[in-house]
Amino acid sequence: MNKEMVTGGEARTILILFIMGSTMILGAAGQAQNDSWIAILIAIFLAIPVALISARLLTLYPGQNLFDICQNVFGKALGKVFVLLYVWYAVHLAALVLRNYGEFMTSEAMPETPMLVPMLFVALLSVIAVLNGIETLGRSVRLLFNLCMVTILIVLFLTIGRMEFDNILPILDRGWRPVWGGAFSAFSFPFAESFLLTAILGGVRDSKSFVRIFLFGLLIGGGLILFISFRNIFVLGTYTMSNVYFPSYAAVGRINVGDFIQRIEGTVAIVFVICVFVKFSVCLLAASQGIAKLFRLNSYRSVVLQTGLLSTYLAYSLFDNIMDMEFFAIEIYHFYAFPFQVVFPVLLLLVAEIKVRLARRTKSG
């Protein structure tokens with residue numbers, strides 16, 4: 001049984017900030033340009049079954065996380081293969097998120113600072129948070145979420161004067177193909193990544209169901225990303241959005257209220273750091289718990305620091321430059337992540353349903 005538990009509200013808030021993650025600054029469904037809002041809506045709809053699968057698995061095996069469920073469903077030998085695969089996915093996703101942050105800091109915020117320095121600071125902060133357990137992380141995230149919401153609302157108010165609502169027109173001018181491409185891209189990054197939370201949510205302290213946690217978390221997080229996408233379209237327009245790597249940062253950079261309030265891009269950077277910290281911490285906690293399960297360790301805490309440093313080194317060495325990172329995110333990632341986000345979860349749920357029903361029949365008979 002997993003003794004470390006969070007409340008339903010804390011679990012939902014972790015999921016929301018996890019979904020926002022790198023998307024806060026990179027944007028979603030960029031290839032759809034001014035139709036990206038349609039692609040995001042489709043992606044949210046496509047991600048609902050993934051959320052329901054996550055909730056169902058945790059409901060079928062109360063008190064157990066993804067790694068426990070894999071071994072219960074597939075047996076110890078094959079189960080360890082799935083545990084190993086998800087440990088790799090968690091480490092790789094942590095590295096990708098951290099590299100997104102590193103590229104942002106090098107390109108926009110601190111160009112003269114070596115990329116490794118800000119990445120190490122976030123990684124070590126996450127290591128401290130994970131060492132203190134998911135309960136501490138859950139309480140911290142509730143506070144950080146409120147800070148993010150206040151910042152987003154203030155920035156929205158300040159950008160109203162820079163919005164050109166005609167930027168969203170003409171709708172579907174380039175047809176449905178870019179929209180579907182953007183939808184599948186947004187589905188894999190970030191919405192379907194939420195399945196990884198099954199690795200850390202072994203249970204909740206109150207009576208809230210996992211269906212409510214995952215569905216509300218997905219819809220709220222998706223709504224915030226949709227909201228930010230609209231803002232970026234209205235402020236930047238199609239041409240500028242397609243020529244910048246960090247559209248949210250560029251949009252906020254246009255704020256100029258009476259030559260007094262300007263150059264407040266740091267507010268976006270603060271929200272981005274918070275979301276990256278939460279997402280990296282979730283991935284680090286998931287990977288550490290998986291490693292502990294593989295090697296039968298008494299506590300996952302003994303491998304948190306090593307896993308965090310490994311993820312940081314991987315993040316630093318993943319890509320040669322920001323163009324390689326962008327190419328991987330747009331062209332490759334959704335194919336690479338599909339088995340972890342759809343194929344394995346569906347297979348796991350099918351076998352779990354069969355085994356649980358057979359066990360119930362045997363018990364009742």
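Is Arg99 buried or exposed? Arg99 is buried, with a relative accessible area of 2%. Buried stands for under 20% relative accessible area, exposed for over 50%, and partly exposed for the range in between (1.4 Å probe, protein chains only).

This is a predicted model: local features need pLDDT of at least 70, side-chain atom pairs count only at pLDDT 80 or more, and totals for chains, interfaces and linings use all residues. Residues are numbered from 1 along each chain as its sequence is written, and side-chain values use heavy atoms, with hydrogens and water left out.

**Figure 1. The whole chain.**
The protein chain has 12 helices and 2 strands. Both kinds of element are DSSP runs, numbered from the N terminus: helices are H or I with at least four residues, strands are E with at least two. Along the sequence the pattern reads α-α-α-α-α-α-α-α-α-β-β-α-α-α. The C-alpha atoms fill a box of roughly 75 × 40 × 40 Å along the principal axes. Buried residues make up 56% of the 365 residues. The accessible surface comes to about 16000 Å², and 66% of it belongs to carbon and sulfur atoms. Accessible areas come from the Shrake-Rupley method with a 1.4 Å probe; for residues, only the protein chains shown count as cover. Of the contacts with a separation of 6 or more, 83% are between residues 24 or more positions apart. A contact here means heavy atoms within 4.5 Å.

**Figure 2. The Glu103 and Arg99 pair.**
Glu103 and Arg99 meet through their side chains in a salt bridge, 2.9 Å from N to O. The term covers a side-chain nitrogen of Lys or Arg within 4 Å of a carboxyl oxygen of Asp or Glu. Both residues sit in helix H4; because they are 4 residues apart, about one helical turn separates them. Glu103 counts as buried at 5% relative accessibility. The structure holds 5 salt bridges.

**Figure 3. Lys279 and Glu193.**
A salt bridge joins the side chains of Lys279 and Glu193, at 2.5 Å from N to O. Lys279 lies in helix H10 (residues 265-294) and Glu193 in the loop between helix H7 (177-188) and helix H8 (210-241), so the pair ties together parts 86 residues apart in sequence. Both Lys279 and Glu193 are buried.

Glu353 forms a salt bridge with Arg56; their closest N and O atoms are 2.7 Å apart. This pair links distant parts of the chain, with Glu353 in helix H12 (residues 322-364) and Arg56 in helix H3, 297 residues apart. Glu353 is buried at a relative accessible area of 16%, whereas Arg56 is partly exposed at 30%. Salt bridges that share partners join Arg56, Glu353 and Arg357 into one network.

**Figure 4. Ser54 in helix H3.**
Ser54 is found in helix H3 (residues 36-60). Its relative accessible area is 0%, so Ser54 is buried. The side chain of Ser54 reaches the backbone oxygen of Val50 at 2.9 Å. Beyond its neighbours within four places in sequence, Ser54 is in contact with Phe195, Thr198 and Phe214.

**Figure 5. The largest nonpolar core.**
This core has 139 residues, and those with the most contacts inside it are Phe191 and Leu201. A nonpolar core is a set of buried Ala, Val, Leu, Ile, Met, Phe, Trp, Tyr and Cys residues joined through side-chain atoms within 4.5 Å. Helix H4 (residues 66-109) gives the largest share of this core, 22 residues. Leaving aside neighbours within four places in sequence, Leu201 touches residues including Val6, Leu58, Ile134 and Phe214.

A cis peptide bond joins Leu169 and Pro170, with omega about -5°. Pro170 is in the loop between helix H6 (134-159) and H7. Leu172 also lies in the loop between H6 and H7. Phi of Leu172 is near 60°, a positive value in a residue other than glycine. A cis peptide bond also joins Phe189 and Pro190, with omega about 20°. Pro190 is placed in the loop between H7 and H8.

Technical notes: A polar contact is a pair of N or O atoms within 3.5 Å; within protein, one must be able to donate a hydrogen and the other to accept it, and residues adjacent in sequence count only if both atoms are side-chain atoms.
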